[in-house]
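Please look through the structure below before you read my points. Keep it open as you go.

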Amino acid sequence: MLAPPGSMTAAQLETIGSPGLWAVTIAGLVLLLGVDFVLTRRPHEVRMREAVGWSGFYLALPLLFGVYVWSAFGGGVAVEFYTGYVVEKSLSVDNLFVFMLLLSAFAVPRELAQRVLLYGIIGALVLRAVFIALGAAVLQSGTWAFLLFGGILVVTAWKILKEALSGREQQVDIDSMRSVRLLRRFMPVTGDYRGSRLTVREGGRRALTPLALAIVAVFATDIVFAVDSVPAVYGVTEDPFLVFVTNAFALLGLRALYFVLQGVLEKLRHLNHGLGVILGFIGLKLVLHWAHGIWPAVPEIPTLASLGVIVAVLTTVTLTSLYANRRVTAPPVER
């Protein structure tokens with residue numbers, strides 16, 4: 001079987017990411033982020049119509065890219081891309097919920113929320129790129145990496161499910177965050193927001209604004225999410241380029257999606273149950289892949305079947321969340 005175009009040498013991971021494709025992808029990513037910076041330069045409250053329009057745009061991009069991948073590299077690679085994107089998008093919704101808690105904890109004005117989210121997305125992209133490169137290096141060192149990634153996902157899935165089943169609401173304590181405490185120790189912080197400025201000069205010395213603390217807190221949470229999401233998508237595809245673009249496409253639309261789902265996120269009460277099941281399933285898939293390399297009789301889970309399971313889980317938790325919300329809001333029956 002011939003290696004895909006742009007594949008690496010036999011000692012390295014196979015990838016469709018030729019230098020030209022990488023260059024075009026990164027250039028497009030920088031262009032989109034530049035447009036976002038221009039749009040958020042003047043703080044304003046995002047209306048639903050604007051958020052829906054940009055969400056549709058960022059949803060169309062991966063769909064069109066998947067069509068290109070299908071035509072250029074075949075249906076198998078395209079299914080890997082779409083499956084990885086669905087995984088990353090579902091995990092990114094959990095990111096949004098934590099971002100919402102952080103913005104609320106820092107009392108970020110509505111007109112500044114999109115700037116905080118944009119900085120958080122850029123930080124997440126940088127961190128994902130680092131973790132993807134490290135993941136690729138680990139995978140090249142031997143098949144034991146699949147067992148390692150699988151173990152990480154299974155443990156993470158257990159923690160998520162345990163917290164979800166406990167019924168406790170997710171909370172954010174900004175005073176206990178090490179990054180925030182460290183910044184407060186070395187620099188003074190103003191008592192109020194100063195527009196979109198991160199630092200100001202007060203009393204003859206430079207001081208941080210609460211906006212800077214909020215951005216650092218979002219960036220710190222990005223590290224935790226990167227540890228989960230990168231192994232998860234490596235459970236779908238071993239191609240570092242596909243891992244990167246699925247992460248990039250999932251993150252790019254988060255800023256607009258936040259304002260679309262802001263009133264809906266709290267109603268997806270079973271989302272974490274579903275994410276726990278998905279991460280556990282992908283962890284099992286990685287462990288079976290590792291075992292198959294040692295004992296060929298051990299079955300593997302096809303990527304198309306993985307996509308079906310993931311979509312089914314997300315559909316199920318959405319329906320159960322809607323049903324649970326109806327039961328809570330339904331008036332009591334008189335007897």
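The points below go from the whole fold to single residues.

1. **Ground rules.** This is a predicted model, in which local features need pLDDT of at least 70, side-chain atom pairs count only at pLDDT 80 or more, and totals for chains, interfaces and linings use all residues. Residues are numbered from 1 along each chain as its sequence is written, and side-chain values use heavy atoms, with hydrogens and water left out.

2. **Overall make-up.** The protein has 11 helices and two strands. Both are DSSP runs, numbered from the N terminus: helices are H or I with at least four residues, strands are E with at least two. Along the sequence the pattern reads α-α-α-α-α-α-β-β-α-α-α-α-α.

3. The protein has 335 residues, and 45% of them count as buried. Buried means under 20% relative accessible area, exposed means over 50%, and partly exposed lies in between (1.4 Å probe, protein chains only). Now take the contacts with a separation of 6 or more: residues 24 or more positions apart account for 75% of them. A contact means heavy atoms within 4.5 Å.

4. **The core.** The largest nonpolar core has 88 residues. Such a core is a set of buried Ala, Val, Leu, Ile, Met, Phe, Trp, Tyr and Cys residues joined through side-chain atoms within 4.5 Å. Phe106, Val108, Val116, Tyr234 and Val245 have the most contacts inside this core. Helix H3 (residues 75-105) gives the most to the core, with 15 residues. Val245 touches Thr25, Phe65 and Phe81, not counting residues up to four places away in sequence.

5. **H1 against H4.** Helix H1 (residues 19-39) and helix H4 (residues 113-140) have axes that come within 11 Å and cross at roughly 160°. Axes are lines fitted to C-alpha atoms, for helices over the stretch in contact, and angles run from 0 to 180 degrees between N-to-C directions. That makes H1 roughly antiparallel to H4. The cut-offs: under 35 degrees is roughly parallel, over 145 roughly antiparallel, 65 to 115 roughly perpendicular, and the rest oblique. The crossing of H1 and H4 is left-handed. A crossing is left-handed if the near helix is turned anticlockwise from the far one by less than a right angle, and right-handed if clockwise. From H1, Leu29, Leu33, Asp36 and Phe37 meet Arg115, Leu118, Tyr119, Ile122 and Leu125 of H4. By class, this contact of H1 with H4 has seven nonpolar, no polar and two charged residues. Ala, Val, Leu, Ile, Met, Phe, Trp, Tyr, Cys and Pro count as nonpolar, Asp, Glu, Lys and Arg as charged, and the others, Gly among them, as polar.

6. **H2 against H9.** How do helix H2 (residues 48-73) and helix H9 (residues 254-261) pack, and at what angle? The angle is about 135°, with the axes 8 Å apart. H2 and H9 are therefore oblique to each other. Their crossing is left-handed. Met48, Ala51, Val52, Trp54 and Ser55 of H2 meet Ala256, Leu257, Phe259 and Val260 of H9. The residues of this contact divide into eight nonpolar, one polar and no charged.

7. **Ser55.** Ser55 is found in H2. Is Ser55 buried or exposed? Ser55 is buried, because its relative accessible area is 15%. Leaving aside neighbours within four places in sequence, Ser55 is in contact with Ala256, Leu257 and Val260. Ser55 and Leu254 are 199 residues apart along the chain, yet their C-alpha atoms are separated by 8.1 Å.

8. **H3 against H7.** H3 and H7 pack at an angle of about 160°, with axes 10 Å apart. They are therefore roughly antiparallel to each other. H3 passes H7 in a right-handed crossing. Residues in the contact include Glu88 and Leu91 of H3 and Phe225 and Ser229 of H7. By class, the contact of H3 with H7 has 10 nonpolar, four polar and three charged residues.

9. Ser229 lies in helix H7 (residues 210-234). Ser229 is buried, with a relative accessible area of 3%. Beyond neighbours within four places in sequence, Ser229 is in contact with Glu88, Leu91, Arg128 and Asn247. Ser229 and Arg128 are 101 residues apart in sequence and 8.4 Å apart in space, C-alpha to C-alpha. Ser90 is in helix H3. Ser90 is buried too, with a relative accessible area of 7%. Not counting residues up to four places away in sequence, Ser90 touches Leu275, Ile278 and Leu314.
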